[in-house]
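User: Please take a close look at the ligand site in this model. I would also like to see what the surrounding parts of the fold look like.

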Amino acid sequence: MVLEIRDLHQKYGDQEILAIPSFQIGHGIYWIQGENGAGKSTLFRTLSGMLPYQGNVILNDQYDLKKQPVDYRLRLNLGEAEPLYPSFLTPSDLISFVAEAKKAPEGQVEKLIEALGINYLKNTFGSCSSGMVKKVSLAVAFLGAPTVIILDEPLITIDFEAQKALFELIRSYHAVGVTFLLSSHQLFQQGGLTVSKTFALKNKILQEITAA
Ligand SMILES: Nc1ncnc2c1ncn2[C@@H]1O[C@H](COP(=O)(O)OP(=O)(O)OP(=O)(O)O)[C@@H](O)[C@H]1O
């Protein structure tokens with residue numbers, strides 16, 4: 001299994017958001033749907049190790065997020081729905097820092113910058129457009145050699161050209177073994193992206209949706 005969840009419980013205060021007894025996925029591109037507030041971002045943040053949780057999350061049948069956090073985090077990347085970076089930082093600073101932390105292979109940064117059409121690398125985030133901030137966050141989500149890339153609402157704020165480039169990146173990384181978890185209120189099919197399975201996050205659990 002690429003990713004396995006066992007008995008996952010996630011709460012904010014007394015409010016339980018997730019109660020997932022079991023969830024397993026192999027290699028593929030998965031679309032996670034859910035109404036506003038269903039808990040998609042909470043699920044993604046939990047799987048990325050940003051929130052404490054109860055239960056087990058295991059990557060590649062061997063890396064437990066709690067027991068092998070460094071190995072796990074090297075292999076799972078998250079692109080947040082509405083990324084926020086310190087306004088004094090530049091995209092160039094952020095990308096270099098993450099590329100080093102994620103052990104990005106030679107030339108990967110340049111390819112991603114070119115593919116997503118990122119310019120103004122030396123301007124601070126404070127002066128970047130929201131679409132540019134989003135493109136940088138997407139580039140960062142592809143850095144290193146992840147086995148899973150989670151993209152939370154990847155299509156928001158980016159223009160049509162960038163959406164096309166993103167779909168191309170997803171297809172090419174998927175072809176070399178990367179698994180994707182994507183959330184979107186828009187339809188991926190319109191961009192020509194074929195998803196392996198669709199899941200709905202509802203009533204705290206993930207349930208597979210079969211196409212009508
Ligand atoms: N930091 C937080 N503290 C307390 N409650 C939170 C926090 N973040 C989210 N919530 C609540 O948890 C629930 C799930 O929110 P989450 O953002 O995960 O949903 P979502 O499915 O991503 O929604 P959307 O489609 O609107 O982005 C909501 O009821 C939300 O109000």
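**The ligand shell and the core**

Analyst: In this predicted model, helix H1, residues 40–47, supplies the largest share of the shell around the ligand, with three residues. The shell as a whole consists of Tyr12, Ile17, Gly34, Asn36, Gly37, Ala38, Gly39, Lys40, Ser41, Thr42 and Ala81. By class, six of the shell residues are polar, four are nonpolar and one is charged.

Next, the nonpolar core. The largest one has 52 residues, and those touching the most other members are Tyr30, Ala139, Val148, Ile149, Ile150, Phe180 and Leu182. Helix H5 gives this core its largest share, six residues.

Helix H5 spans residues 130–141 and includes Val133. Val133 is partly exposed, because 18 other C-beta atoms lie within 10 Å, whereas a buried residue needs 20 or more. Setting aside residues up to four places away in sequence, Val133 touches Pro83, Tyr85, Phe125 and Cys128.

Note on methods. Residues are numbered from 1 along each chain as its sequence is written. This is a predicted model: local features need pLDDT of at least 70, side-chain atom pairs count only at pLDDT 80 or more; totals for chains, interfaces and linings use all residues. A residue is near a molecule or strand if its C-beta atom, placed from the backbone, lies within 6 Å of it. Helices (H or I, at least four residues) and strands (E, at least two) are DSSP runs, numbered from the N terminus. Ala, Val, Leu, Ile, Met, Phe, Trp, Tyr, Cys and Pro count as nonpolar, Asp, Glu, Lys and Arg as charged, and the others, Gly among them, as polar. A residue is buried if 20 or more other C-beta atoms lie within 10 Å of its own, exposed if 12 or fewer, and partly exposed in between; C-beta atoms are placed from the backbone. Two residues are in contact if their C-beta atoms, placed from the backbone, lie within 7 Å. A nonpolar core is a set of buried Ala, Val, Leu, Ile, Met, Phe, Trp, Tyr and Cys residues joined through C-beta atoms within 7 Å.
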